[in-house]
Amino acid sequence: MRARVAEAWVEAPLQRFVDDARVQFALLLHPSGQVLGQFGFTRAVDVMAACALGAAIHASAGELGKELDGHPFRELYHAGRDRQVFIAEAPTARGALVLLTAFDAESSLGLVQVYFRELRDALRDAAPPPVESGPALDVNFEQDLNRSLAVLFGRAQSPAPGDAGAPRPPA
Amino acid sequence: MSTPYTDVLSAVTRQRGVLGCILVSEADGIIVEANVQVGIEAGVAGALVASLYRRARLGTDAAGLATVGFLQLEAEQGHVCAVGRDGLVLATLAEPKAHIGLIRSAMLHAMEALP
Amino acid sequence: MRAHRVPQPEQPVPLVNYATREITCKIVYYGPGRSGKTTNLHYIYGQVPNERKGTMVSLATQTDRTLFFDFLPLDLGSISGFNTRFQLYTVPGQVYYHSTRKLVLQGADGVVFVADSQVRQLDENIESMQDLHSNLAEHGMDVRTVPLVLQYNKQDLPPDLVLGTAALDHALNFRGVPAFAAGALHGTGVFETLRGISELVLRRLSTAGSPATPSTAHAGSR
């Protein structure tokens, strides 16, 4: 399985991390909860939920660290019954990113930490400077938006696959 | 700062040709205690050797050969040795010319002496 | 409690993946406690077909008060050729959850301010709006330009208990942003509110580019 990314520069570092650390799931996200890359998930909506929770945990741990230690906690580890979760921050020229990864007995916290440091360095080196993005949507996007929302709320017939407003297959 | 494991590791690192000795948790690859020469990344080596030892132990178990007594790898520029007990792995990094027999003996004694 | 400054100010920009033609937007429902933020999300969750939504995550207390946030991911489908997804968040309304409100607001592409229309809640609404401005500023977001709509919820209560939209506009809507009368418990105005904020957020990504024309468009019923 390959990592799926929203920005190309994170793909190689994330894929290498996944391959080396032998993790089951990996998410690379903005601290706001927006996903930049993922490995192991099949539905985009599941990715978004995991990102929201991961970002919340990271933000909470950071604030807790400030309260208790004067500095934010940058890494967090949680041992579950079968799976373990590791969350850590990687500063880049594009701002801080957060890695959330889950692994089982195939890997270990030590290995994940080792390869996270490699990932962090690779992201730091690969991050392009921030760029102003141009317009993405047509001027008349409202028509598509209204149709999509009407479908969501059951106020219109669902469009045929391929039509504007039709959902794409899950990421 | 001295810990209950300091003397155990010293007994191994005082052997000729030993570059470093790392006591690491087998399950999570986290270092308990390390005594390595400058330039050796104990965290990286410890995590990887623990993973290797764990797989070797699972392999011998699965093959019905009981547990791993001693694991040795020969690399171009030295040796990696590992022994395990009670969820801990003692990893030793040594030069090519090091006397592996003595190191093995020191490591096995060290593991018996673990608190 | 000490106030912590966020080191890297940010302007909200929806995440756009030009390669896979995907857009992801974060929309935060803000407002005082018990104003109906979670009710909005519950209604939306109940309306949207399963294949277009993810699991609704609610980090709530045992009495169902929002502790950290509620979260609902939505798949809007294709808009101008971009597969568009919304992440809807609520914040905890109670005053003492200031820290968590600030965390949830981080990186928001748009904000829905859910006001409680009851007369006795006016002060709480104003205080919450001030809290929103303060938190936006702390995140380096421009209060005057961030996509924002107001929802005047509970307009379905008896008229003597609630303020009218004009009075609420006067108290809260200093920017003249779109405002929607609503009764979220029964779904009135929820759709219109979501459409309103969606339009403002996505307009930032359109070739039109310019900020939305300030207008007050009351929708829903009183």
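This is a predicted model: local features need pLDDT of at least 70, side-chain atom pairs count only at pLDDT 80 or more; totals for chains, interfaces and linings use all residues.
Biologist: What is the radius of gyration of chain B, against that of a compact globule?
Modeller: The C-alpha trace of chain B spans about 40 × 30 × 25 Å along its principal axes. The radius is taken over C-alpha atoms, and the globule rule is 2.2 Å times the number of residues to the power 0.38. For 115 residues a compact globule would come out near 13 Å, and chain B agrees, with 13 Å.

Biologist: How many of the residues in strand β5 of chain B are buried?
Modeller: A residue is buried if 20 or more other C-beta atoms lie within 10 Å of its own, exposed if 12 or fewer, and partly exposed in between, with C-beta atoms placed from the backbone. Across chain B, buried residues make up 32% of the 115. Strand β5 (residues 88-94) is mostly covered, the buried count being 6 of its 7 residues.

Biologist: Which residue of β5(B) is the bridge partner of B:Gly20?
Modeller: Two strands pair if DSSP finds at least two bridges between them. Strand β4 (residues 78-85) of chain B is joined to β5(B) by 7 bridges and runs antiparallel to β5(B), with B:Ala82 opposite B:Ala91. Strand β1 (residues 18-25) of chain B is also antiparallel to β5(B), again through 7 bridges. There the partner of B:Gly20 is B:Leu93.

Biologist: Which residue in the hairpin of β4(B) and β5(B) takes a positive phi?
Modeller: The hairpin has 2 residues between the strands. The positive phi, near 50°, belongs to B:Asp86.

Biologist: Why are the buried residues of α1(A) on the same side?
Modeller: In helix α1 (residues 11-21) of chain A, the buried residues are A:Pro13, A:Leu14, A:Phe17, A:Val18 and A:Ala21. They are on the same side of α1(A) because the arc they cover around the axis, taken from the directions to the C-beta atoms, is only 130°.

Biologist: Which strand of chain C gives the most to the side that touches chain A?
Modeller: Two residues are in contact if their C-beta atoms, placed from the backbone, lie within 7 Å. By that rule 48 residues of chain C are in contact with 40 residues of chain A. The elements of chain C that each supply at least two residues include β2 (22-30), β4 (66-79) and α5 (190-203). The most, 10 residues, come from β4(C).

Biologist: Is C:Ile79 buried or exposed?
Modeller: C:Ile79 is found in strand β4 of chain C. Not counting residues up to four places away in sequence, C:Ile79 touches residues including A:Leu137, A:Phe141 and C:Leu202. With 27 C-beta neighbours inside 10 Å, C:Ile79 counts as buried.

Conventions: Residues are numbered from 1 along each chain as its sequence is written. Chains are lettered from A and ligands numbered from 1 in the order in which they are written. Helices (H or I, at least four residues) and strands (E, at least two) are DSSP runs, numbered from the N terminus.
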